[in-house]
Amino acid sequence: MFNSLKLALILVIISAAGGGFLYVKALQKDLDTAKGNIIKLEDAVGEQKAVIAQQASDFEDIIQIRNNLEDTNRMLETANRNLNEKFNKLNASGERRDIGALSTSRPKSIERILNKDEVNERRCFEIIQGAELTEEEINATKKSKINTVCPELANPNYVTY
Amino acid sequence: MYVDDIMEVLKGHFGDDKEFTPNTHFLDHLDGDEIDIVDVVVQISKKLDINIPEEDTFDIGTVGELINVVGKHVNV
């Protein structure tokens, strides 16, 4: 009777130990799977961080491009106003400037003026795209020394007449 | 006197309330532009019935320089 009980107890212990062993093995397998998943997740997080960093960089580029476009628009508006004034300016006697007649009678003079405007306009685009201002541009305070196409960009110390 | 004619043109163009001295700069003091200079040269040429070559007018910036350039052609 006692021996049977002892044998049964041993069988229970062996079964429990076997079950425990299998349970631990299963836990280890789950743990390995979890570790693998963590590594995959860490890789995914790294990739996502890289994507976020790229998006932030792209966003800054977009803001820069937008600012450049706004500067370009402002410059073109100023250039348009200047051109409008050049072509339609009224003198003190109320006579409207006849640019066509002046171009016919003084073609070289008008061509020189328009060429200078073209050079100024190119310089404005350079400044918009990040070119640094020269000392001469920074120090210009007189109308005869400024870039008349985009003085607000090229000549920070110029105060309009 | 051709200078009087020049002054008359300048006053008509820029306003007779403006001050015109030899050092008066068309852009810096009269808020003009380079086409204004071309314009007044054309008006002066017509008024005095003279021909001023374009090349002679390229460097005009002040009233004094305008008077000098016109003077060269009035006296010829």
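This is a predicted model: local features need pLDDT of at least 70, side-chain atom pairs count only at pLDDT 80 or more; totals for chains, interfaces and linings use all residues.

Me: How do you know how confident the predictor is in each chain and in the complex?

Reply: For chain A the mean pLDDT is 92, and 99% of its residues reach 70 or more, while chain B averages a pLDDT of 95, with 97% of the residues scoring at least 70. For the complex, the predictor gives an ipTM of 0.92 and a pTM of 0.72.

Me: What makes chain B as compact as a globular protein of its length?

Reply: Chain B has 4 helices and 0 strands, and read along the sequence its pattern is α-α-α-α. The globule rule gives 11 Å for 76 residues, and the radius of gyration of chain B is 11 Å, close to that value, so chain B is as compact as a globular protein of that length. Along its principal axes, the C-alpha trace of chain B spans about 30 × 25 × 20 Å, and 37% of the 76 residues count as buried. Among contacts in chain B between residues at least 6 apart in sequence, 59% join residues at least 24 apart.

Me: What does the radius of gyration of chain A come to, when set against a compact globule of 161 residues?

Reply: A compact globule of 161 residues would have a radius of gyration near 15 Å, but chain A has 40 Å. The C-alpha trace of chain A spans about 135 × 30 × 25 Å along its principal axes, and buried residues make up 12% of the 161 residues. The secondary structure of chain A comes to 5 helices and 0 strands, in the pattern α-α-α-α-α along the sequence. Of the contacts in chain A with a separation of 6 or more, 50% are accounted for by residues 24 or more positions apart.

Me: Why are the buried residues of α4(B) said to line one face of the helix?

Reply: The buried residues in α4(B) include B:V63, B:L66, B:I67 and B:V70. Seen down the axis of α4(B), its buried residues fall within an arc of 95 degrees, so they line one face of the helix. An α-helix has 3.6 residues a turn, so residues three or four places apart point the same way. The buried residues of α4(B) pack against α1 and α2 of chain B.

Me: Why is B:G32 called buried?

Reply: A residue is buried if 20 or more other C-beta atoms lie within 10 Å of its own, and B:G32 has 23 other C-beta atoms within 10 Å, so B:G32 is buried. B:G32 lies in the loop between α1 and α2 of chain B. Not counting residues up to four places away in sequence, B:G32 touches B:F14, B:F26, B:L27 and B:I37. The C-alpha atoms of B:G32 and B:H13, which are 19 residues apart along the chain, are separated by 9.8 Å.

Me: Why does B:D31 count as partly exposed?

Reply: A residue counts as exposed with 12 or fewer such neighbours and as buried with 20 or more; B:D31 has 13 C-beta neighbours inside 10 Å, so it counts as partly exposed. B:D31 lies in the loop between α1 and α2 of chain B, and its phi is near 55 degrees, a positive value in a residue other than glycine.

Me: What makes B:D49 exposed?

Reply: The limit for an exposed residue is 12 or fewer, and B:D49 has 7 other C-beta atoms within 10 Å, so B:D49 is exposed. B:D49 is found in the loop between α2 and α3 of chain B, and phi of B:D49 is near 55 degrees, a positive value in a residue other than glycine.

Me: How do you know which parts of chain B touch chain A?

Reply: Two residues are in contact if their C-beta atoms lie within 7 Å, and 18 residues of chain B are in contact with 17 residues of chain A. On the side of chain B that touches chain A, α1 (2–14), α2 (34–48) and α3 (54–57) of chain B each supply at least two residues, and α2(B) gives the most, with 5 residues. By class, that side of chain B has 6 nonpolar, 6 polar and 6 charged residues.

Methods: Residues are numbered from 1 along each chain as its sequence is written. Chains are lettered from A and ligands numbered from 1 in the order in which they are written. Ala, Val, Leu, Ile, Met, Phe, Trp, Tyr, Cys and Pro count as nonpolar, Asp, Glu, Lys and Arg as charged, and the others, Gly among them, as polar. pLDDT is the predictor's confidence in each residue, from 0 to 100. The radius of gyration is taken over C-alpha atoms; the globule rule is 2.2 Å times the number of residues to the power 0.38. The arc is that of the directions from the helix axis to the C-beta atoms.
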